[in-house]
Amino acid sequence: MPEIFIDGKRYEFEGKPKLLQFILDNGKEVPFFCYHPEMSAPANCRQCYVKVGTPVQNRETGEYELDENGERVIRWFPKMQTSCSMEMTDGMVVHTQETSEEVARAQKDTMELILINHPLDCPICDQAGECPLQIQTYKYGPEGSRFEVKKVHKPKRVELGPRVTLDAERCINCTRCVRFTEEISGTHQLTISSRGDKNYPITAPGMEFDDPYSLNTVDICPVGALTSTDFRFKARVWEMNQTPSIDITGGKGTNVDLWTRDNLVLRLTPRYNENVNTHWMPDEARMAYRKFNENRISRPSIKADGNNQIKTSWNNAIETFAEKLEAVKPADVLVLGSAHASVEENYSLMKLFSTWGVSDFHFSPDVKEGFGDDFLLTDDQAPNTNGVKALGFSETSAEDLKAAIKSAKVVVLLNDELVDRGVLDSEDLKKPFVISLATNETETSKSTDLVIPITCIAEHAASYVNVEGRIQRSLPAKETKYTHRKLDLEMSEGRLDRYGTNFDNWVNEDNKVDCTPIWELMNNLGKRLGLSVQFGTSREIMDEIASSNSSFEGVSYEKMDDENGIQLTGMNKEEVSA
Amino acid sequence: MSFDWKSYTPVIIPDIPNLHEIDVYTKNGGYDSLKKVLSNDWDPEKVINEVKAANIRGRGGAGFNAGLKWSFMPKPDGGPRYLACNGDESEPGTFKDRKIFEYNPHLFIEGALIAAYAMQCSAIYVYIRGEYYSWIKMMEKALKDAYDKGFIGKNILGSGFDVEFHVTGGAGAYICGEETSMLESLEGKRGYPRVKPPFPAQKGLWGRPTTINNIETLSCVPLVIKNGADWFSGIGAETHPGPVLYGISGHVNRPGVYELPTGMPIETLINEVAGGMRNGKKLKGLIPGGSSTPILTAEMVKGTNMDADSLREAGSMMGTAGMIVMDEDTDMVEMLWRISHFYHHESCGQCTPCREGTGWLEKILLKIRNGDGEIRDLELLIDLCSQMEGRTICALADAAAWPVRYTIDRFRDEFEARCKKSTYALA
C-alpha cells in the first residue's frame, strides 16, 4: 500500500486523497480557510502551506536512491505547497508547521496579510467564538500587527437577499460562498466583484440572493462577512448551548443543531450526516425555530360557552378528557395520529386507545406536489410520514377524514395543523367533541373543544422516520415547567445555564412552557380510565416498539446515537417512492 | 558585440508599405511557409522539431523554447485541441505586439496556423487587450481576408487540415495576460489564474489540451520555416537567438519599437538606436523587460546585452524586452510607488499574499513618498516581498515584489534620504 510520511510519522493511504484532507482525517491540523471538503479546492487563501518532498527514484530500476546513511534521498519542492490541492504520491514526505520552522513562518506570514484589512471588530461580530479566522489567528497568527497604514473600506450591511447580509470589510475572499452557489446549490447567484483588496462577493446588479439554500453560505463563511439577517446581533455564540436534533419541516430528516439560550431556541444550523444532508440544510428549515418559542400553548384550555377557550387546570383537562371518553363507545371515537409528531408520540397515543378499545387509527399525509428538489427539499412536508405508517396508522384522504369526523362523537387530534393546511374546515370540527394535543396555538387548536399542550421536538427526545426510511432522533434542548437541565442528563448546559441562577437578570421563567410529553399525558389518562398502560421514558418506549413492531426491529437510542440514525430494513428508498 | 545594427533588415515588421493588406503580404512571399508545411513532406512532428531547433524563446517574458512547449501537447485523441495566442500585452513598458497587429498581422496569422498544424489544433484564439480596440478591428479584418483566401477554415489549401480562428478582446485586466487567467477570460469567466497542475497542455480551454504562445513568438514561426532553423538560431545571442522587438520608452530621444537581433548591448540601444538620452542627461536606471523585471543601475547596464544570460548575470531578466529608460532626474521613490500602484490596482485578489501585499506595499511607498516614511519601513517592504514571492498561484505577486525589492536594494540611499529617522523599532 502507498505510504506517506507526515512530520516523521508513517501513514498508509489508498486512492488519490488530497493532502490536507488526509492530514485532517488523521487527527492532525493544518490551518486553512478556503478549502471545504464538499467543494473544489481553489487554493486561494494560501494558508495551508506545507513543505513537500518526493523520494528520488532510479529511472531504470525504480528503486529509491539512498544517501550515505541509508536514508532515502528526498527532492523537495522548491516552493512550499498548498496542502489542499496537493495530490498525495507514494513515498511523499511532508512537514507541517509542527516540524518545520519555514512552514510555521509561512503560515504566520499569510495570516498577517489576511488580517491587515480585516476589521478588528470581533467584540461586535456575530462570528466571534465560532470564527475560523479568530481561532486560527490565536493558534498560528502573528503576535501583533505591523500594519500602520489605512485599511481598505468596503460596503457594510449589504442585504444580498432576503436572508443574508454582507459585511464586505470582513470578507477574506475565500470564495466558499461563490463556489457554494456554483457547485452545491447550482444557482450561480454570487460572484466576486472588483479586483484585488477591493473585492467582495455580490450578486449580479439588480439580482437578489434568494437561493433556497442561501443561509449555508453563512455557515461556511470562515469570517463574519456573511451573516444571517434573522440571527445577526441576537446572541453571542458562547452564551448558547447546542443540542443535536432533526429538522421537522420536511421529509428529508436533515440533521440540525438547536442553539438555545435561556430556554429559547435562537437558531438552527445543519449538523453533518453523510447519509442525509452532509453539511447543508434548506433555508426554510432554519425558520422552524420560531415555532419552538412563539405561540406555544402553555397550560390546557377548554372551550367554555360559545367559542371562547379559557385556561384550565391539568386535573380538569384530564378529567374532562376521561369523562368524554367514558360517555361514548370506542367505536364513536376517532383517533388521528400525525406525521408531524414523532414515532413515540404516535405509538403511546395508539397504544392507550387500542387498549381502551379503539381499533382504527388514521392520519392525514402532508404532501405538496412539486415542492421537492433533488437536494434537501421534499414533497413530503412532514418529518415522520413513514414512521406513522409503520406504526399502523392508515393514510386517510381529506374527504374520508371529513366523513369520519362527521360520524364520530369524540375526536382526538395529535399535533397536526389540519385546518391551517386546508385539509379540514373549522366548521368540520364543530359537531363532535374535539380534543387536540398540540404544541402551538393555531387555527386548528382554536377550533377544538379541549386543548392539551404537549412538548415539541425541542423539549423531548423522540424519533422520526424520514422519506428514505431512516430513523433519527432528537434530544431535549428546552426545559419545560417540569424538567430541569441538571436532572435530565440528555440536556446540554450552556455557560449561562451552568453558572447562572434563577435570580440572574437574564433568566426568564416565562420561557418555560407548561406542557408534558404525550406519553406522560397518556399515563395519567390511562390511570384515570383504569387501564393497565404504563409508559416510561421515550427511550423505553422505543425499546418497546422495537420489540413489538418488526419495522423497528433492532432500533434503540444507543444505536441511533452511535450510527447517526438507522436505515430501517424493508423501508429503503425504492420501496418508499413506489 | 561588434555587430553593425544599421545593416540589419527587419523581418518581423519589414519596411514594406501596406504589408497589412493580404495581397501585399502574399506578393512578398506571405503564406509560403504555410503552403510549405501543408505540402506532403512536412508532418507535424517535423514542424515541431524545426521550431525546437530554432530555439525561439518565448517573447512573452518567460523565455521558454516554443518548440519544446509545443511538444508537451498530448497525442491527439480525436477531441478538440486549442492554440491560444496571448496578445494581452498589459505589462507596463511593453507595446510590441500592437506593431505586429498593425503592420504585419498576416505574419502572426500564418505563424499561428503553422503552430496549430504542428499541434493538430482545431481552433485558434487570439486574445487582444481591450484597450487595443483599433487593433482588434484590424485583426478581425486581417482574419476575414485570410478566411476569404482560404488560408483559414476547412481543408486549408487542399491539405485536409481544418482550423478555426477567433479574436477575443479583453476587458482591461492586467491579470488576463497571465496564461491561465487568459483561458478563464476566453471561457467567459472572471480572470482568475488557475492552479497548476493540471497544466494547460493537459487541461486548458474548456478542459482540453491547449498551448498558449505570445504573438511575437508565433510571428517568428513562418520565418523559421521559410529560412530554416539554422538561419534563426544564427541571429543574435547564441542562447537566446532571433530577431526581437525592443520597445524602448522613457527618457530617450527616439522612443519606439525597434526590431533588431537579440543580445544587443543596452548602451547601443539607448545611445544609438533610440537616439541617446533626452536633453543630454545621464542614465540613472533601466528596467529591461517590462515593469516587473528588476531595475538595473547605470553601472550595471554597462557591458550588458539584451539576452537572457547576459541580463541574468547583470541581475535582471529579459522579460518582454520593453525597456524603460530613466535619466538622472528620475525620482526612484515616485517611480516605484507608481509601479506598486499599478500592481495593487491590477492584483486579481484571488490569493491572499498578492491581494493584501500589493496594497500594503503601495501604501507604505506612498507614505515614504510623502515624506512620512521611516527607515524601518524599508525593512518592512523587503520583508513583505519575501512574504509574497513564490507564495501565490500565478506570478503577479512576484511581479509586484521584485521591483520593490530590487529598486530599494539598488537605490537604497535615495529611499533612506526620503525617510524620517526612526525612533522606535518595528513591532
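Student: Is B:Gln120 buried, exposed or partly exposed?
Tutor: Please keep in mind throughout that this is a predicted model. A residue counts as buried with 20 or more other C-beta atoms within 10 Å and as exposed with 12 or fewer. B:Gln120 has 14 C-beta neighbours inside 10 Å, and it is therefore classed as partly exposed.

Student: Which residues is B:Pro44 in contact with, leaving aside its neighbours within four places in sequence?
Tutor: B:Pro44 belongs to helix H3 (residues 44-54) of chain B, and with 18 other C-beta atoms within 10 Å it is partly exposed. Once neighbours within four places in sequence are set aside, its contacts are B:Tyr117, B:Ala118 and B:Gln120.

Student: What is the value for A:His188 in chain A, where phi is positive although the residue is not a glycine?
Tutor: A:His188 is placed in the loop between helix H4 (176-184) and E9 of chain A. With 13 C-beta neighbours inside 10 Å, A:His188 is counted as partly exposed. Its positive phi is about 55°.

Student: Why can strand E1 of chain B be called largely enclosed?
Tutor: In a regular strand the side chains alternate between the two faces of the sheet. In E1(B), B:Tyr82, B:Ala84 and B:Asn86 on one side are buried, and so are B:Leu83, B:Cys85 and B:Gly87 on the other, so that both faces are covered. Strand E1 (residues 82-87) of chain B is therefore largely enclosed by the rest of the structure, the number of its six residues that are buried being six.

Student: Which strands is E1(B) joined to by bridges, and are they parallel or antiparallel to it?
Tutor: B:Leu83 has B:Ile124 as its bridge partner in E2(B), while B:Tyr82 stands opposite B:Thr210 in E4(B). Six bridges link E1(B) with E2(B), and these two strands run parallel. Five bridges link E1(B) with E4(B), and here too the direction is parallel.

Student: Why do E12 and E14 of chain A each have one side without a neighbour in the sheet?
Tutor: These strands belong to an open sheet of three strands in chain A, ordered E12-E13-E14 and paired antiparallel. E12(A) is joined by six bridges to strand E13 (residues 255-261) of chain A, and one bridge there pairs A:Ile246 with A:Asn255. Strand E12 (241-246) and strand E14 (264-270) stand at the edges, so the reason for the open side is that each has a single partner strand.

Student: How do H14 and H17 of chain B pack, roughly parallel or roughly antiparallel?
Tutor: Helix H14 (residues 332-346) and helix H17 (residues 396-410) of chain B have axes 10 Å apart and pack at an angle of about 170°. Angles over 145 degrees count as roughly antiparallel. H14(B) and H17(B) are therefore roughly antiparallel.

Student: By class, which residues make the contact of H14(B) with H17(B)?
Tutor: Among them are B:Leu336, B:Ile339 and B:Tyr343 of H14(B), with B:Ala400, B:Pro403 and B:Val404 of H17(B). The division by class is nine nonpolar, two polar and no charged.

Student: Which element gives the most to the side of chain A that touches chain B?
Tutor: Across the contact between the chains, 28 residues of chain A meet 29 residues of chain B. Helix H2 (101-116) and strand E9 (190-193) of chain A each supply at least two residues of chain A's side. The element that gives the most, with six residues, is H2(A).

Definitions and conventions
Residues numbered from 1 in each chain as written. Chains lettered and ligands numbered in written order. Predicted model: local features only at pLDDT ≥ 70, side-chain atom pairs only at ≥ 80, totals over all residues. Contact = placed C-beta atoms within 7 Å. Helix = DSSP H or I, 4+ residues; strand = E, 2+ residues; numbered from the N terminus. Pairing = 2+ DSSP bridges. Axes fitted to C-alpha atoms, helices over the stretch in contact; angles between N-to-C directions. Parallel < 35°, antiparallel > 145°, perpendicular 65-115°, else oblique. Nonpolar A, V, L, I, M, F, W, Y, C, P; charged D, E, K, R; others polar.
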